[in-house]
Amino acid sequence: MRILVTGGAGFIGSHTVDLLLSRGHTVRVLDALEPPVHAERRRPDYLPAEAEFILGDVRDRAAWERALAGVDAVFHLAAYQDYLPDFSKFFHVNVVSTALLYEVVVERRLPVQKIVVAASQAVYGEGKYRRADGSAVYPGQRPAEQLARHAWDLLDPETGAVLTPDVTDEAVVHPHNSYAMSKYTEEQIALNLGRRYGLPSVAMRYSIVQGARQSFRNAYSGALRIFAMQCLAGERPLIYEDGQQLRDYVYVGDVARANLLVLEDPRADYQAFNVGAGRAWTVLEFARIMAEAAGRPDLEPRLPGEYRFGDTRHITSDTRRLQALGWEPRGHPAQSAREYLDWAVRQPDFGNYTAAAREHMKQVGAVKA
Ligand SMILES: NC(=O)c1ccc[n+]([C@@H]2O[C@H](COP(=O)([O-])OP(=O)(O)OC[C@H]3O[C@@H](n4cnc5c(N)ncnc54)[C@H](O)[C@@H]3O)[C@@H](O)[C@H]2O)c1
């Protein structure tokens with residue numbers, strides 16, 4: 001097949017491109033080489049020469065028209081993701097681009113057979129919890145005043161009792177920040193317009209994806225990048241809250257395989273799928289995994305009581321819907337950590353940017369003490 005991958009110069013996109021090429025597909029990438037992911041704004045070395053590259057912005061209709069010519073299927077992975085309060089940009093990039101994709105395909109009657117869009121585990125907000133009596137509850141965000149008291153657990157809004165985290169399936173969404181709202185709207189556009197116009201479409205709700213080529217400049221890249229930078233600089237990893245947050249870290253190779261599975265399997269059409277590891281690690285556990293992978297198991301994590309307002313307390317995806325199609329996660333965070341470190345130390349501009357990023361996040365109110 002001839003396949004367009006938007007955001008194909010990025011982390012998940014480039015791994016998806018590699019797998020598509022290895023399976024004999026023809027690949028075209030549409031990417032704007034956005035900073036901070038692409039500091040030098042040039043085609044990254046890891047992108048294979050066989051992949052055709054179009055420099056263009058997914059907010060630009062003409063870029064879509066050019067990129068979609070002669071294409072059988074699309075992975076729409078380009079996105080704006082950050083913790084900054086520039087709310088409208090999330091919608092311009094993530095939502096308008098998706099509407100434009102369907103607009104151009106429908107208006108021009110292009111023979112596109114499949115569209116896969118990148119959604120996110122973020123659509124669940126705090127996800128699914130259980131009360132003591134076993135009933136399910138989907139709590140809202142923890143209030144600022146509760147976090148200021150360093151009371152981290154989710155509480156039952158009716159009784160105030162501490163809730164127990166459950167795995168979160170695809171049924172109920174609760175997006176509560178601009179990124180999550182934009183990603184949920186993106187998937188609604190894909191699934192609803194896809195069905196209406198007979199364009200098989202799939203939304204992939206990735207959890208925390210890890211592996212080589214994850215931007216070390218983008219503050220959104222999270223724990224993998226932060227702990228790697230700190231450990232390689234000989235600094236103890238700095239952990240928010242109490243480190244007991246549950247996280248679902250999925251290996252990027254597993255994500256690329258999931259992408260190809262839904263491309264090829266019509267049973268996936270018009271559905272949203274969780275793509276996660278199917279189990280959780282605490283942030284503290286992951287910091288130790290990274291310290292070990294960096295050869296510095298002596299770097300005991302620091303817990304100064306800082307927190308990021310708007311962070312999810314616990315979230316683990318239920319991946320049974322995707323597993324029913326024959327996919328299973330195989331990677332482990334230790335593998336992601338090793339592969340990331342091997343890649344990162346070979347990058348000329350790799351360094352420890354975490355202190356400056358944290359300072360900036362504190363200034364804009366995203367990190368609090
Ligand atoms: N990495 C994760 O853990 C994760 C989790 C959930 C969802 N996702 C989603 O998966 C997708 C890929 O994420 P990633 O981690 O590979 O991101 P990334 O930042 O590594 O790559 C995104 C790519 O999109 C490009 N891009 C950004 N804005 C663009 C624009 N306006 N026009 C054209 N290209 C543009 C960037 O230059 C970059 O190459 C995104 O849609 C993201 O929201 C990622």
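Residues are numbered from 1 along each chain as its sequence is written. In this predicted model, local features need pLDDT of at least 70 and side-chain atom pairs count only at pLDDT 80 or more, while totals for chains, interfaces and linings use all residues.

**Exercise 1. Compare the radius of gyration of the chain with the rule for a compact globule.**

Step 1. The radius is taken over C-alpha atoms, and the globule rule is 2.2 Å times the number of residues to the power 0.38.
Step 2. For 369 residues, a compact globule would have a value near 21 Å.
Step 3. The chain has 20 Å, which agrees.
Step 4. Along the principal axes, the C-alpha atoms fill a box of roughly 55 × 50 × 40 Å.

**Exercise 2. Give the strand order of the open sheet and find its edges.**

Step 1. Helices (H or I, at least four residues) and strands (E, at least two) are DSSP runs, numbered from the N terminus. The chain has eleven helices and 16 strands.
Step 2. Two strands pair if DSSP finds at least two bridges between them. The open sheet has seven strands in the order S3-S2-S1-S4-S5-S9-S13, with parallel pairing.
Step 3. Strands S3 (52–55) and S13 (271–275) each have a single partner strand, so one side of each lacks a neighbour in the sheet.
Step 4. Within the sheet, S1 (residues 2–6) and S2 (residues 26–31) are joined in the parallel sense over five bridges. Ile3 stands opposite Val27 in S2.

**Exercise 3. Describe the shell around the ligand.**

Step 1. A residue is near a molecule if its C-beta atom, placed from the backbone, lies within 6 Å of it.
Step 2. There are 28 residues around the ligand, and Gly7, Gly10, Phe11, Ala79 and Ala118 come nearest.
Step 3. Helix H1 (11–22), strand S5 (114–120) and strand S10 (208–210) each supply at least two residues of the shell. The largest share, three residues, comes from H1.

**Exercise 4. List the buried residues of helix H8 and what covers them.**

Step 1. A residue is buried if 20 or more other C-beta atoms, placed from the backbone, lie within 10 Å of its own. In the chain, 44% of the 369 residues count as buried.
Step 2. In H8 (residues 283–293), the buried residues are Val283, Phe286, Ala287, Ile289, Met290, Ala291 and Ala293.
Step 3. Their cover includes helix H6 (223–232), strand S12 (249–251) and helix H10 (333–344).
Step 4. After H8 comes Gly295, with a positive phi near 75 degrees.

Terms used. A residue is buried if 20 or more other C-beta atoms lie within 10 Å of its own, exposed if 12 or fewer, and partly exposed in between; C-beta atoms are placed from the backbone. Two residues are in contact if their C-beta atoms, placed from the backbone, lie within 7 Å.
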